[in-house]
Amino acid sequence: METVEIELSENSYKIDIGYQFLSKETFSGLLENKEVLLVYDKNISGPVLSHTESILKPLSNEFLTIGLEASEENKSQESIDIIHNLLLEKGFSRQCILVGLGGGIICDLCGFAAATYQRGVNFVLIPTTLLAQVDASVGGKTAVNHPKGKNMIGAFHQPIRVLIDTSFLLTLPEREIKSGMVEMIKHGIIEDEDYFSWLESNIDEISALKEPLMSEAIRKSVKIKSKIVSQDERESGIRAVLNFGHTFGHAIELVGNYKEYNHGEAVALGILSASKLSQMTENLSAENVERIQSIFLKAGIRTTTLTEIDAEDLYSAMQSDKKKEGKELNFIVLEKIGKAKKINGLNKETVLKAIKTSLLPS
């Protein structure tokens, strides 16, 4: 097992990464004599759920579980109400701890419920998908969706511990693995060309979940995101680079009614659009654009839309992006692989051209 530290001015915490390491000792000092609510994805396999319950229940002085269907539709205020109602009915105190077991949706729901119950209680995350392990569980972003936009209602609230067991990945469908790999690749694109090159060289083995390469890839990705988050907890500066591809990607999810594409698939397409935009605004080299597309293809990640997307519809969907400054859209662009920055003030025609040349090739 290896540990990555998230060093913040307040509320620093550890991320433990290993293979089949969860035990009573793992939670030592976290849950003893506390009220514990386990929030889990109903799709979690029975053995994973029962093993987790067998660890948590003996440590707590009161133990409850609540299973939710993890879907973008259920990433809602209604799900938060379900969690809060149970906590209130059982009289859980401000010393209680929520534990999230599942993918990114469960991480967000558990975190937001913890952030808002009695003005904030502690929570622990046990991410079970690759996307959650390298992204959603790191950095303290919590949110629910709103009919007018993804993740529009939320709060920054840091967990007290994140526990990443890579053995959980063996239970996932291939589509979920690829979704997580998009975020791993993105970390190399925006911050570390050496890591990107390492991924290029090892992408086949990582795609096949070969150990110890997969654990090493997760550790490298988590360290990159941890470094950025530690410098900018509330996304007022450098942390914005983590949104590379997301302005386009979230709009693609919205246009697809959160059904045609999962988060990773939409972000991959968004990264292709952001790369084209970077060519137009920052003179990103054609070689860099080709390397990005090639690594997606080698990993088996889709680089074309499932159905034709109208560029005007996509641009309209971008207007609900929560990272706007006033009325202006922000975009993360690349100067080169490993060096990203934020720009704004782009005219509509430039953005439409990036969409049309990446998602709608002539």
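Modeller: Let's begin with L30, which is buried because its relative accessible area is 10%; buried means under 20% relative accessible area, exposed over 50%, partly exposed in between, with a 1.4 Å probe and protein chains only. This is a predicted model, where local features need pLDDT of at least 70, side-chain atom pairs count only at pLDDT 80 or more, and totals for chains, interfaces and linings use all residues. Residues are numbered from 1 along each chain as its sequence is written, and side-chain values use heavy atoms, with hydrogens and water left out.

Biologist: Where is L30 found?

Modeller: In the loop between strand 2 (13-18) and strand 3 (35-41). Helices (H or I, at least four residues) and strands (E, at least two) are DSSP runs, numbered from the N terminus.

Biologist: And what is L30 in contact with, leaving aside neighbours within four places in sequence?

Modeller: I97, V124, I160 and R161, where contact means heavy atoms within 4.5 Å. As for S60, L30 is 30 residues from S60 in sequence, and their C-alpha atoms are 9.6 Å apart in space.

Biologist: Switching to T303: buried or exposed?

Modeller: T303 counts as buried, because its relative accessibility is 12%. T303 sits in the loop between helix 10 (286-298) and helix 11 (311-318). Apart from neighbours within four places in sequence, T303 touches L269, L272, Q293, F296 and L297.

Biologist: Which residues are buried in helix 11?

Modeller: A311, L314, Y315, A317 and M318 are buried there. They are on the same side of helix 11, because they cover an arc of only 160 degrees around the axis, taking the directions from the helix axis to the C-beta atoms.

Biologist: What covers the buried residues of helix 11?

Modeller: The cover includes helix 8 (246-255), strand 10 (330-336) and helix 12 (348-358).

Biologist: OK, zooming out. How many helices and strands does the chain have?

Modeller: Twelve helices and eleven strands. Of the chain's 362 residues, 57% count as buried.
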